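Please look at the sequence and the model before reading on.

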Amino acid sequence: MTKASRELYISQPALSEQIQRLESELGVELFYRKNRSLTLTIAGSVLVREAQELFAKEEELIEAVQTAGKILKRHLNIRYVPGLCTERFSYLTRSFHELHPDIMLALTGTNWNDMNDIFMSGEYDVAFYLRMGKYEVPKSEHVDLAVSNAAIVLSDRHPLASMPELHFEDIRHETFCLDIMPRKTSLKVFSLYELFENHGVRQPHILPAKNLDDIMVNISSGIAISVLSSELCGELPPGLRYVPFPDLPESSFSLYWNSRNNNPAVPVFVDFIKENFIPAT
């Protein structure tokens, strides 16, 4: 009792009185008192054990709050597909960085194949992506930022270039250049594959590309056509054109974030994008 009162910076009688008040409040004895010695009762042992757990949780709470307050130590990994609304989200990430210079941002361009693997593994913070139809990404939440319509992109020398719009029968025998391997499922071509299968075509002609630049080169060369969105991809290089393709459903340019990620910078970034992303008109 003497040692305990000394560590608590109170007198021994005051400590004894507080213990007696606690016992009275709980309605149990916390100590066996015999021959000027104190031994914990079973109730006292339970109180000590539970109190230690509470103190440990208090430390965890303080650490969590302090970590959230030290958001400057957070590294926010932003994934995106090059060529997809790049100018708009680049402007927004720059504005976000100016508003929150203590949050370290890292923008990483990722092709469609790798993006799907990242989504499946949950190894990302936030990602700008194209959501096709009702396809959902596991372990993720999202907000749709802009709606886009599908269009066929082809060389202006292609026989179909003068058409006001194209339909499946017009392009069923064409070679498509896409930045995805045909053997993998992708949000980008999910509806396209489904469209082919609904028309009895199980193996469409797919020429895989590593990125959007490769797609444009193959289209310019007249080797292939592709499916893109004028609303999301902007102006095309000279010699190429968009032709509306209403056979595919609308797609959404969306911001995804890992629902299991406790990085406090994630909700800050998500709220900022929700408030400031303005689709192109």
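Helices (H or I, at least four residues) and strands (E, at least two) are DSSP runs, numbered from the N terminus. By that count the chain holds 10 helices and 12 strands. Its radius of gyration, taken over C-alpha atoms, is 31 Å, well over the 19 Å that the globule rule gives for 281 residues, so the chain is more spread out than a compact globule. The globule rule is 2.2 Å times the number of residues to the power 0.38. This is a predicted model, in which local features need pLDDT of at least 70, side-chain atom pairs count only at pLDDT 80 or more, and totals for chains, interfaces and linings use all residues. Residues are numbered from 1 along each chain as its sequence is written, and side-chain values use heavy atoms, with hydrogens and water left out.

Values for the whole chain are listed below.

| Property | Value |
|---|---|
| Box filled by the C-alpha atoms, along the principal axes | roughly 105 × 45 × 25 Å |
| Buried residues (under 20% relative accessible area, 1.4 Å probe, protein chains only) | 40% of the 281 residues |
| Accessible surface (Shrake-Rupley method, 1.4 Å probe) | about 16500 Å² |

Carbon and sulfur atoms account for 52% of the accessible surface.

Strand β1 (residues 31-34) runs antiparallel to strand β2 (residues 37-40), with four bridges between them; two strands pair if DSSP finds at least two bridges. Within this pair, Tyr32 stands opposite Thr39 of β2. Two residues lie between the strands of the hairpin, and Asn35 there takes a positive phi near 50 degrees.

How values were computed. Buried < 20%, exposed > 50% of the residue type's maximum accessible area, 1.4 Å probe, protein only.
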